[in-house]
Amino acid sequence: MRDKKYQEIVDKHKPKENRISNMIIAFIVGGIIGLIGNLLVDLYTYFFHISTTEAGVCMIVTLIFIACLLTGLGVFDLLVKKGKMGFIIPITGFAHSMQSAILDYKKEGPVYGFGANMFKLAGSVILYGVVSAYVFGLIRYLFFGG
Amino acid sequence: MTNKLNNIYVKNAALVAGKLEKEGPFGKYFDKSYDSYNIDESLELSEVKLGKDAVDILLRKTKLKKDDIELLVGGDLLNQICATSYAVKNYNAPYLGVFSACATSMESIIVASSVLESSDLKTAICLTSSHNLAEEKQFRNPTEYGYTKPKTATFTSTGGAAILLTKEKTDIKVTDYTIGKIVDLNQTDPNNMGAVMAPAAADTIYNHLTSLNVTPDYYDLILTGDLGIFGREILKDYMKKKFGITLENYNDCGAMLYDMENEKEITAGGSGPVCSCLVNYGYVLDNLKKKNFKRVLFVTTGALFSPTFVFQKQNILGIAHAVSMEVVK
């Protein structure tokens, strides 16, 4: 039997993924996290009398702390099962990816263990984040006058 | 390649399982179970403990001492089959490590039986183990990492399984075995292992049946290892279309092991080398002993999967080994 015919059998028995509902859930959950972030920025500027930029940094630190804490408590992956990628796409997902890798490689020690593996998932995000920031920064500087 | 065995019998088996496996329909056949995944210091050592426990319980059940072990054959999914090697290091017995991913259990029976038949040895223990989180850590994402799994993804079973083969006559005889070939039908999705392994299983079943010149109903039950509920349907369909064989008295261990109605997390079924053993060495052997089944064909299926090779755009290879067992008076 040719591979194509076998692929037809495989596709026939493949269940449909709930893509649309997953997307809607992720959209709402991600949106709620964005809303929380914005509320935090407003709160920080109101109570601590700091600029929006500084409040933004504080908001990011707060969200990262909460995501790491929930990962350590073993709750975050259960939340992702309910809220889908809504929890992963914001900054919380980035913190979660690093924290979960650190937890996994704790036993291998600080150098060969979590030191070497904490960027296992987040490494690509950082690399391409920095590269694209550089490229877009350059485009902006050259074509739009900085 | 199919071969007949003349003088190999099953003495007894021992099974250790995790919590979800215990809650499944075959929970009562397990000798021991653990509620937590953290059995020992690390996830890998927890898997070692599962294997060690299985051998210890088997020795206790068969009233053998540590020094009575003549041969140990086994393997698992961790790199360099370390879990099995560390599990057996204190038994001071000759040891052969084997690997066919989730088809390891039947490969170990084939190797052990062949050694027994061609030597003066009288007994051999076959061992295999897997641990859900240790395997997740090695093959997929960090264990605490949350992500949405596709429905076709299987769930690695947690447990250890040991079986004692002997030349002394018992009720259950190991009759024939078929060594499977590697089958590659361009499957690249690590989240759909059922599709990778189904053609390998079909090939092995077909070769086994034609070599012995029998039809599927010669066996009371044909069991594949861990194709899952979707892979099971692919196998039936493929078997019919390619070889013109309809499988009726057939099921899949991965699809049977869990209580999937209440455990929504497990969408396609169980997998891992121990998954098939938890059904085969418990429920099936018990029914063979009670003579509810007369002949059974075990076809364990393995996906020879390496993340490195998949990232290098290589296909995932499938393999299946078959062993048949029969009740003798």
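Welcome to this two-chain structure: of the 146 residues in chain A, 25% are buried, where buried means that 20 or more other C-beta atoms, placed from the backbone, lie within 10 Å of a residue's own. This is a predicted model in which local features need pLDDT of at least 70, side-chain atom pairs count only at pLDDT 80 or more, and totals for chains, interfaces and linings use all residues. Residues are numbered from 1 along each chain as its sequence is written, while chains are lettered from A and ligands numbered from 1 in the order in which they are written.

**Chain A**

Chain A has seven helices and zero strands; helices (H or I, at least four residues) and strands (E, at least two) are DSSP runs, numbered from the N terminus. Its radius of gyration is 20 Å, well over the 15 Å that the globule rule gives for 146 residues, so chain A is more spread out than a compact globule. That radius is taken over C-alpha atoms, and the globule rule is 2.2 Å times the number of residues to the power 0.38.

**Chain B**

Chain B contains 10 helices and 14 strands. With a radius of gyration of 18 Å, close to the 20 Å from the globule rule for 329 residues, chain B is as compact as a globular protein of that length. Of those 329 residues, 54% count as buried.

| Chain | Box |
|---|---|
| Chain A | roughly 70 × 50 × 35 Å |
| Chain B | roughly 50 × 50 × 35 Å |

**Two domains in chain B**

Chain B is divided into domain 1 (2-166) and domain 2 (172-327), with bounds that come from an automatic or database domain assignment. The centres of the two domains, taken over C-alpha atoms, are 18 Å apart. Their contact takes 50 residues from domain 1 of chain B and 59 residues from domain 2 of chain B; two residues are in contact if their C-beta atoms, placed from the backbone, lie within 7 Å. On the domain 1 side, α4(B) gives the largest share, seven residues.

**Where the chains meet**

Between the chains, 25 residues of chain B are in contact with 28 residues of chain A. On the chain B side, α6 (193-212) and α7 (228-243) each supply at least two residues, and the largest share, seven residues, comes from α7(B). By class, this side of chain B has 10 nonpolar, seven polar and eight charged residues. Here Ala, Val, Leu, Ile, Met, Phe, Trp, Tyr, Cys and Pro count as nonpolar, Asp, Glu, Lys and Arg as charged, and the others, Gly among them, as polar.

Terms used. Buried ≥ 20, exposed ≤ 12 C-beta atoms within 10 Å, placed from the backbone.
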